[in-house]
Amino acid sequence: MVAPVELMFVRYDWWLEGESMTVALSRGQYSLSMGKLRNRIWSTALAVLMVGATAAHGQVDVQSNEWSRLARQVFGELIALDTTHESGDTTPAAELLAHRLREAGFNSEDVEVVGPGRSNKNLVARLRGSGRGRPILFFAHLDVVAAPRDQWNTDPFTLTERNGNFYGRGAFDVKNEDADMVVNLIRLKREGYRPAKDIIIALTAGEESGADYNGVTWLLQNRKSLIDAEYSINLDIGDAHNRRGQHAIFGYNLDEKAHIVWILSAKGEGGHSDQPSPDNAIARLAAAVVRIHDLEFPVHLTNSTRAYLRRMAAIESDPLASDMRALADSSNDADVSAVARRVATGSPEYNAQFRTTCVPTIIKGGFAVNALPTDAEASISCRILPDESYDFIGQTLKRTIADEQIQVRMRKDGPEVAVVSELEPRPEPQSPPPELEAALQQIVGQMWPKVPVVPVLQIGASDSLPLRLAGVPSYGVQGMYFDIEDANQQHGPNERVGVREFYEGVEFTNRLMRILTRDSTTASHLP
């Protein structure tokens with residue numbers, strides 16, 4: 001039997017000098033729009049016939065065009081640059097990308113590398129529009145977490161393609177999206193696209209813990225005009241999930257947990273280790289740390305989490321699907337705590353969505369192997385639900401420790417302190433602009449027809465919060481899917497992003513930038 005031949009959705013662009021002709025072919029139908037033909041067509045595209053009823057996930061091949069190749073090249077250049085706080089610097093990465101943009105024809109006044117000093121600078125670039133609306137900001141960060149080479153199977157500072165993945169420090173968090181944004185801005189410029197409103201991209205320093213300052217906060221306080229916008233799209237976050245190797249859900253973030261660090265400290269009398277005493281600072285602190293480790297905050301489901309559970313129940317099977325529906329439809333969180341525990345069993349992702357979490361991450365103490373410790377200290381990383389107060393969390397930690405000789409205090413150093421001091425009351429949950437919701441439904445429907453689009457609570461902390469506090473709404477949207485079961489895709493050793501997912505994400509961002517900034521008079525001609 002011969003498989004039927006079907007033409008799937010493909011978009012072909014013949015780009016002219018400042019104008020475009022677009023042909024959209026979908027299941028035997030086509031639409032054609034033409035700009036003013038002022039010169040000969042200088043690039044063409046080959047039509048592709050898909051054999052069989054569908055391609056994988058309904059996608060077209062997005063890996064073989066010049067922009068995908070450029071994205072791969074820029075991605076590799078970024079991975080090769082050490083932008084960790086321990087031994088690196090974001091300035092070379094910012095300068096590299098600025099050079100790329102200027103080579104593509106951007107004026108110097110529209111590409112700026114700025115910061116409080118010579119090291120760890122930020123890049124801000126702008127594609128100017130016709131001024132029919134306020135700018136849209138797209139942003140992510142250039143800095144990455146440390147990458148101990150002895151824990152990796154590949155060189156963390158060489159982009160390595162293996163087994164369907166790109167490996168490297170920052171491969172998913174978030175140099176993949178840095179390359180994506182820069183290449184798409186270059187593409188729009190070279191193809192003569194003129195948006196109705198300016199498109200700004202900001203690639204910043206200091207998002208990861210341990211930095212000397214936070215780039216977004218610095219820009220807001222010192223150069224706000226560079227990034228002031230109607231709203232912003234944070235490509236560092238977003239929840240496009242793969243499950244069992246398949247695109248399962250396209251989640252976008254309207255709200256997120258806050259990240260606050262509490263410090264536990266204990267004191268001891270000290271002395272020689274040949275005369276142990278009951279008053280041992282490390283032992284006292286260790287007991288407190290174990291109690292925090294065992295602490296489980298009550299279930300508290302946000303509206304975003306309930307919506308997410310409803311959508312996930314539709315693609316899961318029983319008994320998990322029934323439990324998800326019970327949680328989504330519940331009116332009292334306390335009544336479904338046992339159900340929440342069943343759903344969260346084996347899934348740190350679900351557990352983090354259901355409650356505030358606090359976990360020990362650093363412990364230190366003592367000064368010599370043959371001396372009793374005089375002090376010990378532990379850092380407790382807390383990810384706090386949007387409508388729970390920091391005072392409540394701090395008091396809960398103290399009650400759990402139940403030891404008056406353990407001091408509990410909120411950390412007062414680090415780049416996030418400027419934000420922390422303003423966090424309460426935190427901003428109310430946001431409603432996305434209608435055009436953003438419509439754009440996501442349209443693009444996801446084109447690229448991944450069966451994947452549901454749903455708001456998801458962001459369980460990590462990001463640079464969206466300082467923007468929201470400064471009056472710039474911020475939404476987490478990322479077109480590169482990740483495996484929800486695979487924690488190593490981000491901060492762990494062998495960080496990676498899928499090859500297919502990377503190229504799809506580059507195409508997704510191009511479509512998103514166009515739709516959010518297009519002139520309404522030409523809206524029907526765009527993808």
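Which residues is Phe 508 in contact with, leaving aside its neighbours within four places in sequence? In this predicted model, the partners are Phe 250, Leu 440, Ile 443, Val 444, Met 447, Trp 448, Val 477 and Gly 479. The points below cover the nonpolar cores and the salt bridges.

**Nonpolar cores**

- The largest nonpolar core holds 70 residues. Phe 138, Ile 233, Phe 250, Phe 508 and Leu 512 touch the most other members.
- Helix H15, residues 499-517, gives the most to this core: nine residues.
- A second, separate core has 24 residues, among them Ile 260, Cys 358, Ile 393 and Ile 401.

- The model has 27 salt bridges.
- Asp 198 and Arg 126 pair through their side chains at 3.0 Å, N to O. Asp 198 sits in the loop between helix H3 and strand S11, and Arg 126 in strand S7, so the pair ties together parts 72 residues apart in sequence. Both residues are buried.
- Glu 495 bridges to Arg 169, with the closest N and O atoms 2.6 Å apart. Glu 495 is in the loop between strands S23 and S24, and Arg 169 in the loop between strand S10 and H3, so this pair ties together parts 326 residues apart in sequence. Both Glu 495 and Arg 169 are buried.

- Arg 244 forms a salt bridge with Glu 316, the closest N and O atoms being 3.9 Å apart.
- Arg 244 counts as exposed because its relative accessibility is 62%. Glu 316 is buried, at 13% relative accessible area.
- Arg 187, Glu 191, Glu 507, Arg 511 and Arg 514 are linked in a salt-bridge network.

Definitions and conventions. Residues numbered from 1 in each chain as written. Predicted model: local features only at pLDDT ≥ 70, side-chain atom pairs only at ≥ 80, totals over all residues. Heavy atoms only, no water. Core = buried A, V, L, I, M, F, W, Y, C linked by side-chain atoms within 4.5 Å. Buried < 20%, exposed > 50% of the residue type's maximum accessible area, 1.4 Å probe, protein only. Helix = DSSP H or I, 4+ residues; strand = E, 2+ residues; numbered from the N terminus. Contact = heavy atoms within 4.5 Å. Salt bridge = Lys/Arg side-chain N within 4 Å of Asp/Glu carboxyl O.
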